Amino acid sequence: MPYLTTDHVAAALDYFAENTHPALLSVLAMLRHGVPSSADPEESVRFGSTVELQLLSDYFRPTGGPEARPYFSVFGPGYGYSHWRDRNYPGRTLQVQRDKNALFQKHPTDNKRWTLAPDLGAVIADTPAEDVVGKVPISVPHLVAWFYRDREIESWKAAVDAFDEEFRLTAYGLVPDIFTKTPVPELAAIPFSSDPIDPGELLMLLQALEPEQSSTIPADPPEAEAPTGPVALVHIPTAAPGDWSIELSSLGSLCGLKGLEEPATRALAALAAGMHVIFTGPPGCGKTKLAACICEKAGFPAWTVPATDQWTTFETIGGYFPAPSADGSGDRLDFLPGAVVDSIEKAHCLIIDEINRADIDKAFGELFTLLSGNSVTLPYRRRSEDGDFRRVRLQVGLAIIDDQTADVVMVPEWWRLIGSMNDADKASLKRLSMAFVRRFAFIPIDLPSADIYEAMIREAGAQAGFDASQLAEVLVGLFAKDGEGLSGIGLPLGPAFPLTIIKHAESEARLDPERSLEAILSSALELYVVPQFQGRHDLHEAAADLFSGLVPSHAEAMARHLAVWTGYVVE
């Protein structure tokens, strides 16, 4: 079904400014709440600002409004005030209006119980328009254009009837004299849309209605509140340079990665759904390269940073750091953004390699709030061009910030954090808190199937600049066989390792053509494979036995070098 558009809303706002009074909100709140129209105080019901706040929350709280004043008042001409209202609006301004209008009748001894005046329609019609609801009859289609702006609309008639039922207009006898359901040609001429109103477009439309800053106070304003100037302008994030909702065919050959079609599909779906992503799997299986490839194919620039066990919030969020002063008087402390904040400000997605090497809770801090899709004010201030220190605020989505002391960093809707994680490091996996885990889609990347893995190694060997057939045979057994080699001892490694070993072997063979295969293999294993056993003393003996069978004349030296990484102590 179709939706209303900002053109419908704009027409309604113009109508409200000329034809309605702010007290109309209280009238509608009472009608919706079922406050009786009666002269008998005993028939009064509990009513107050809580009910009016519920109506404001349901229909007058646009996405992205200022935090301190999230409700946008549409009834009446505005009287030179900002239209944005805070939670005290019903208890302050509307309360005054209820007390002074005969339309609203308070219980003589209980100020929390109310009725509406008997013969409600006649009382409204006989009261000057500027003091109650506005110029009657009030157009229900215009009310629908504002109240139901986020709903699917079957037809104007269906929407008007739904409004009539929700606010009990006919039930109170207010149609057609006080409220009219007559179609409005101006509204009917505006075509519906197949998509709902974009929150940012609505926000910009509303902000255009804000008055110019003025020190002039309106004479005898009808609202009992201090006049306010306009709030800050709408803050707009960086336009998306790409699109996560691309077709799978756009990924092409996955930048040369093989056997990763399934994790690529899952990752693209998660990213398009608004999730952040972490790839998990053995070392060397293409996690970080796949992250960079997907960002590139989707059209988003990305930075890659490696995590370390020394990370704190300084590396991710930022912190105070000496910076040279503009006048050359020396260094002074200022906020230096960390990797996450810097990537957001520079409009880059962020890829964190080996993310689980960091102490997640210590390193991410306030970013947990941001990663779950909510804005966050950081505990830092940054010096602005005028020399003032302003609090750094990471703002999700288009928003109006009424805090003039904020240094706003807009977080684009398309910004994503993509991490890679070595799941062989079981100890570090256990350090992930649930607060962190629930903010990501974890996508496993397994080793390629044995036949694909073997084919990759043999193809690389065939393309080498020397006869690598024997080396390829050894590497297939070491890396690509299920339940054998490294996989058989509990430390499977991805294709990056054998492919790197072949390239390294080509370099050694070029430098020393007489060098034996065993010497080349021993060198490559020590350089690239042995370090992967860091801290794995439980695998030392099995690894030493495996390597001794491959390089028997180097077995003793290999075991000694292996122990440096595993921490194994011979008893």
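This is a predicted model: local features need pLDDT of at least 70, side-chain atom pairs count only at pLDDT 80 or more; totals for chains, interfaces and linings use all residues.
**The cysteines**

Let us start with the sulfur atoms. The structure has one disulfide, and it is formed by Cys255 and Cys293, with 2.3 Å between their sulfur atoms. A disulfide is a covalent bond between the sulfur atoms of two cysteines. The torsion about the S-S bond of this pair, Cys255 and Cys293, is about 90 degrees, so the disulfide is right-handed. Cys255 sits in the loop between strand S8 (234–235) and helix H10 (261–272), while Cys293 belongs to helix H11 (residues 287–298), so the bond ties together parts that are 38 residues apart in sequence.

Two further cysteines deserve a look. Cys285 takes part in no disulfide, and its nearest cysteine sulfur, that of Cys293, is 14 Å away. For Cys349, the closest cysteine sulfur is in Cys295 at 4.8 Å, which is too far for a bond, because a disulfide needs the two sulfur atoms within 2.5 Å.

| Residue | Relative accessible area | Class |
|---|---|---|
| Cys255 | 27% | Cys255: partly exposed |
| Cys285 | 6% | Cys285: buried |
| Cys293 | 1% | Cys293: buried |
| Cys349 | 1% | Cys349: buried |

**Helix H11 and its surroundings**

H11, the helix that holds Cys293, has twelve residues and spans 17 Å from its first C-alpha to its last, close to the 16 Å expected. Which residues of H11 are buried? They are Lys287, Leu290, Ala291, Cys293, Ile294, Cys295 and Ala298. An α-helix has 3.6 residues a turn, so residues three or four places apart point the same way. The cover over the buried residues of H11 includes H10 and the strands S9 (276–281), S10 (302–306), S13 (349–353) and S18 (417–422). After H11 comes Gly299, with a positive phi near 90 degrees.

**Strand S17**

Strand S17 (residues 406–411) is another element worth a visit: six of its six residues are buried. In a regular strand the side chains alternate between the two faces of the sheet. Here Ala406, Val408 and Met410 point one way, Asp407, Val409 and Val411 point the other way, and all are buried. Strand S15 (residues 389–396) runs parallel to S17 and is joined to it by six bridges. In that pairing, Gln395 has Met410 of S17 as its bridge partner.

**An exposed loop residue**

Finally, is Pro513 buried or exposed? Pro513 counts as exposed because its relative accessibility is 63%, and the cut-off for that class is over 50%. Pro513 lies in the loop between helix H21 (496–511) and helix H22 (517–529). Its C-alpha atom is separated by 31 Å from that of Ala563, a residue 50 places away along the chain.

How values were computed
Residues are numbered from 1 along each chain as its sequence is written. Side-chain values use heavy atoms; hydrogens and water are left out. Helices (H or I, at least four residues) and strands (E, at least two) are DSSP runs, numbered from the N terminus. Buried means under 20% relative accessible area, exposed over 50%, partly exposed in between (1.4 Å probe, protein chains only). The expected span of a helix is 1.5 Å times one less than its number of residues. Contact means heavy atoms within 4.5 Å. Two strands pair if DSSP finds at least two bridges between them.
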